[in-house]
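This briefing is meant for a reader who is meeting the structure for the first time. Please look over the sequence and the 3D view before reading on.

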Amino acid sequence: MTDRYGSDVLAGDWNKPKNGRTVDLEISKGLVVEEPSSGFVGAVVRWEHGVVDLEDRHGQVRTYPLGPGFWVDGKPVALKAPAKAGPVAPSRTASGSVAVSGVKARVARAGRIYVEGRHDAELVEKVWGDDLRIEGVVVEYLEGIDDLPSIVSSFDPGPGRHLGVLVDHLVPGSKESKIAAQVTGDHVLVVGHPFIDIWEAVKPSSLGIAAWPKIPHGQSWKHGILETFGWPSTTQADVAAAWKHILGKVTTYADLEPALLGRVEELIDFVTTTPE
């Protein structure tokens, strides 16, 4: 007698998918996966270091190693992490300018920008370096402003050979302002910021502090800052280590005070808008 309902539905390996061939499947968030040995069904919520987390409809999360042994839509799959995307070129430079890819650095112009010290030069390079290379502008440092008149004389500025100078703490009546007045002319532009030191041009919020400490007049500003922060402050190596930490907190122009940003942009325009 023929069984109108067919053979026993539990006979044989009923737990095996019809399509027995395992295929690789790149996971993505929300993908619903079944782990057949436990019967656990959940959506992919995260993955890292060779494992994947699945969350079921009750909010229970289980972790499994990536690889074979899963079902998706009733078919066996080997789960694998998505291929990492290659680095994406930034659309903006650190200074906020539109990034230009595939452009070689320009041959250096005759014009130059001078800053007071090494730290100033390193900060300008970190934020405006891409722009300066495209424009062919070289930045050098003075190691102080006292020798600026003789440096300007040796540079011999003129048409197509403009010199821009960035000075720390350029306020009316200061020593810096008097020296700047001696050299300023049609082909020399001296601008400055109000900060005692270039360190102070870094926004306090970028360093996780409310404000830069006030250092008493007559005390070394940098060493006073280190002592206030509780950092080693005895040697120049201590100062260098502190600056490295501070500079490391600067990633874009947004980490700097507007009083510095405007002055550097002004110098770049002054040097690059002159005929070569």
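The structure is a predicted model, and its chain has an average pLDDT of 84, with 84% of the residues scoring at least 70. Over residues 3–15, however, the pLDDT is below 50, and this stretch has three contacts in the model beyond near neighbours in sequence.

- Asp56 sits in the loop that runs between strand S4, residues 51–55, and strand S5, residues 61–65.
- Although Asp56 is buried, it has no salt bridge, and the nearest side chain of opposite charge, that of Arg62, lies 6.4 Å away.
- The side chain of Asp56 does reach the backbone nitrogen of His58, at 2.9 Å.
- Leaving aside residues up to four places away in sequence, Asp56 touches Phe40, Val41 and Gly42.

- In helix H3, which spans residues 175–183, the buried residues are Glu176, Ser177, Ile179, Ala180 and Val183.
- Lys178, Ala181 and Gln182 are exposed, and they are carried on the face of H3 that is turned away from its buried side.
- The elements covering the buried residues of H3 include helix H2 (148–155), together with strand S10 (163–167) and strand S11 (188–192).

Terms used
Residues numbered from 1 in each chain as written. Predicted model: local features only at pLDDT ≥ 70, side-chain atom pairs only at ≥ 80, totals over all residues. Heavy atoms only, no water. Helix = DSSP H or I, 4+ residues; strand = E, 2+ residues; numbered from the N terminus. Buried < 20%, exposed > 50% of the residue type's maximum accessible area, 1.4 Å probe, protein only. Lys, Arg positive; Asp, Glu negative; His and termini not counted. Salt bridge = Lys/Arg side-chain N within 4 Å of Asp/Glu carboxyl O. Polar contact = N/O pair within 3.5 Å; in protein donor to acceptor, adjacent residues only side chain to side chain. Contact = heavy atoms within 4.5 Å. pLDDT = per-residue confidence, 0-100.
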